[in-house]
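Here are my notes on the model, as promised. Have a look at the structure first, then go through the points below.

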2 protein chains.
Amino acid sequence: MPGESPHMTETPEPNIVIVGAGFAGLSSARALKDVRAKITVIDRHNYHLFQPLLYQVATASLSPADIAQPIRSILKDQTNTRVLMGEVTGIDRHNRQVMVNGASVPFDYLIVATGARHSYFGKDQWAEHAPGIKTVDDATRVRADILLAFERAEAESDRERRKALLTFVVIGGGPTGVEMAGAIAELARNSITRDFRSITPRCARVVLIEAGPRLLPALTPTMSDEAHSALERLGVEVRLGEAVTNVASTGVTTAKEAIPARTVIWAAGVRASAAGQWLDTPTDRAGRVVVNKDFSIPGYRRIFVAGDTAAFRLGDDRFLPGVAPAAKQAGQWIGQMIAARIDGRLGPDSFRYDDLGSMATIGRREAVARLGRMEMKGLIGWLLWSLAHVYFLIGFRNRVSVAASWAWSYVTYQRGVRLITGRPASPSEKLEKAA
Amino acid sequence: MPGESPHMTETPEPNIVIVGAGFAGLSSARALKDVRAKITVIDRHNYHLFQPLLYQVATASLSPADIAQPIRSILKDQTNTRVLMGEVTGIDRHNRQVMVNGASVPFDYLIVATGARHSYFGKDQWAEHAPGIKTVDDATRVRADILLAFERAEAESDRERRKALLTFVVIGGGPTGVEMAGAIAELARNSITRDFRSITPRCARVVLIEAGPRLLPALTPTMSDEAHSALERLGVEVRLGEAVTNVASTGVTTAKEAIPARTVIWAAGVRASAAGQWLDTPTDRAGRVVVNKDFSIPGYRRIFVAGDTAAFRLGDDRFLPGVAPAAKQAGQWIGQMIAARIDGRLGPDSFRYDDLGSMATIGRREAVARLGRMEMKGLIGWLLWSLAHVYFLIGFRNRVSVAASWAWSYVTYQRGVRLITGRPASPSEKLEKAA
């Protein structure tokens with residue numbers, strides 16, 4: 001087999017390197033906790049991020065610390081594992097080395113789970129005007145953009161400019177887009193209604209654009225319709241079947257119309273990280289590494305790719321979806337399988353995806369959810385959504401803090417985290433830039 | 001009187017402009033809540049910051065949102081007041097205009113309370129290597145610096161470099177310096193002890209340098225000694241009577257020694273904001289505007305300066321100290337006085353500073369405090385300190401959140417907010433820069 005010596009014997013404590021401490025990477029590390037091995041977890045950040053709630057940081061409901069936890073804390077009792085903060089720059093699959101921080105870390109087994117970034121379908125110039133939400137810094141940037149738009153609108157005397165400032169466009173009708181649109185509408189309509197004097201936040205316009213025929217394609221058409229109606233009840237304008245043709249500082253253009261808007265959020269497409277290039281192995285159109293039935297890459301039975309970085313075929317034409325439970329299950333399975341190989345035991349049965357369902361919240365009291373074959377909506381859906389998210393949050397402190405923040409904002413309609421930070425101090429700078 | 005027309009009659013609704021929504025500005029705004037006037041509060045940030053706890057953000061105990069609250073939320077029910085986020089660039093005292101965001105806002109009364117920035121005593125090149133903590137962005141930067149130092153030390157094989165990475169120098173023995181040094185020592189010794197594999201955070205070195213003869217000069221010598229001992233019990237090396245002669249990327253030099261250190265924090269000197277230049281009025285050595293007995297500036301009885309921006313003489317050689325309660329009292333008094341003038345009532349008696357005391361916490365179970373003439377230390381001091389700070393935090397949510405965070409870290413020794421954000425993603429960049 002290329003890249004592996006046929007006579008290689010198992011070292012007593014093999015090196016296992018895990019690149020990326022997202023859901024897949026972390027769950028594989030945990031599945032390896034009792035193995036006699038030297039495990040190194042590498043991540044460019046010092047924290048694991050609960051990405052499904054990142055949109056709540058972007059809309060000022062939660063603090064970054066509520067949904068992020070130091071990787072070291074999570075793994076501190078796992079004595080066979082060390083954590084290395086650093087940026088991976090390449091992988092030498094033949095000599096089994098990961099390049100990080102100018103040094104190289106050797107591996108016997110490698111798991112790459114470095115997630116995905118936004119994809120602008122080749123229109124990278126849109127990125128500047130339509131940021132997406134994948135990292136904490138993305139989220140605090142979008143939070144500042146949204147809050148600054150209201151600040152600038154309050155100071156703006158020109159009617160058209162004010163209207164553009166109070167127009168928020170979300171591109172993409174998947175869970176992130178639906179949740180963002182609902183959260184912005186609520187922020188505008190309820191939370192800050194009494195805070196401004198010149199503008200009426202109630203008049204803010206929130207537009208959700210989806211190129212496909214319905215929202216939330218992972219749910220049934222009935223649930224898509226339900227989400228659609230719930231968003232409209234919050235005042236969101238939903239545009240289906242409208243492909244975006246241009247994004248600029250002045251707004252968004254679709255095949256049907258031009259929408260002047262100063263705040264545009266991208267929730268439309270993702271592209272896998274650079275792992276495919278590092279590993280010099282085939283990828284699909286979205287940059288995801290094509291993997292075997294055991295998540296290994298062709299020709300290398302000790303190099304695995306998981307999470308949003310992998311294209312794992314589920315049998316027919318479907319692929320393992322890019323959601324947290326799928327990443328967790330894959331990571332855990334890979335960890336168990338490596339553990340068995342090292343121990344010389346029989347590994348787990350071949351990977352089977354346990355589809356727990358799919359859900360999206362719309363504002364502060366509605367959600368649509370599918371749990372296995374059961375579908376739920378409205379307040380019941382919302383409660384289920386809340387329970388599921390708090391349950392999956394790593395760390396007791398975060399659970400308590402998130403639950404308290406939600407209870408607080410539920411009771412008072414207030415957003416506790418409306419801070420414009422990490423930005424030019426004054427809105428005028430942005431004003432000038434955009435003008 | 002220069003700058004004011006002698007025949008000016010009171011407009012029915014005079015314009016009152018307050019620049020700066022710190023303790024002084026906000027308390028003056030609140031004291032004006034029932035006045036028939038048009039009040040404009042201008043701040044470069046959208047939030048009021050509880051600065052006395054900023055060091056806890058810098059040492060990963062609290063989230064920024066725990067100690068910051070949107071100014072609009074605080075004033076939302078005060079219908080005579082509008083809030084403008086913007087950067088003031090100048091003040092035309094003769095034509096009574098404040099320049100902000102490229103426009104001008106007219107005033108009949110003006111209160112300037114724009115606080116203070118760090119002063120490096122003319123050595124501005126030190127700022128890059130020894131950041132201070134005055135804003136949220138300062139605090140998250142210092143937090144990232146401290147946490148990155150541990151991350152880099154974990155990956156560093158060279159002994160000397162690792163030692164420099166694990167040395168933290170705090171310059172300045174006032175409350176901020178004492179609290180920072182104690183908090184870093186605790187972070188290193190207790191909170192992250194088990195998180196690292198190559199380094200022993202317990203061996204981190206924390207040095208507190210004070211040029212004067214004792215710590216906390218606002219307290220009695222007995223209490224200074226108490227703070228000194230408490231810091232040493234936490235393992236902090238306290239250097240008194242050592243003036244810093246140089247700060248560079250490699251460390252700190254005093255008249256007596258050179259201390260190799262990669263993380264240096266400045267808590268030594270402050271300089272008032274640019275208000276003195278805007279107002280073209282005399283200032284003291286620290287840039288503070290010299291004010292009359294009613295906080296007005298010489299020659300302008302409707303322009304007031306308060307908080308850290310003002311030099312207010314308390315009678316003999318003492319000045320109103322730059323602490324939150326003093327700023328609050330001054331702001332409130334100015335507000336009441338303007339309210340009385342507008343209503344044609346007799347104003348409040350001349351301003352008298354009510355000295356509530358002074359306190360500083362040292363780590364998680366010791367504090368020194370003076371309450372009027374009573375002095376307290378140890379756990380009692382700490383409890384008093386905690387109560388005072390939570391009590392003064394604006395906003396119920398923040399009180400609950402801060403109390404919960406403290407309880408959590410008190411019980412578990414954990415720091416919940418250990419996030420490296422708003423930084424180059426990888427520690428190697430900083431490494432290269434510093435190398």
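1. Chain B has an open sheet of 3 strands in the order β23-β24-β25, with antiparallel pairing (strands are DSSP E runs of at least two residues, numbered from the N terminus; two strands pair if DSSP finds at least two bridges between them). At the edges sit β23 (357–362) and β25 (374–376) of chain B, each pairing on one side only. On average, neighbouring strands here are turned by 0° against each other, direction ignored (axes are lines fitted to C-alpha atoms, for helices over the stretch in contact, and angles run from 0 to 180 degrees between N-to-C directions).

2. This is a predicted model: local features need pLDDT of at least 70, side-chain atom pairs count only at pLDDT 80 or more, and totals for chains, interfaces and linings use all residues. Residues are numbered from 1 along each chain as its sequence is written, while chains are lettered from A and ligands numbered from 1 in the order in which they are written.

3. Between β23(B) and β24(B) (residues 366–371), which run antiparallel, there are 6 bridges. Met359(B) stands opposite Ala369(B) in β24(B).

4. Helix α10 (residues 378–392) of chain B (helices are DSSP H or I runs of at least four residues) lies across β23, β24 and β25 of chain B, at about 70° to β24(B).

5. Over in chain A, β7(A) and β8(A) make a hairpin with 2 residues between them, and Asn101(A) in the turn has a positive phi of about 55°. Val100(A) is opposite Ala103(A) in β8(A).

Methods. Two residues are in contact if their C-beta atoms, placed from the backbone, lie within 7 Å.
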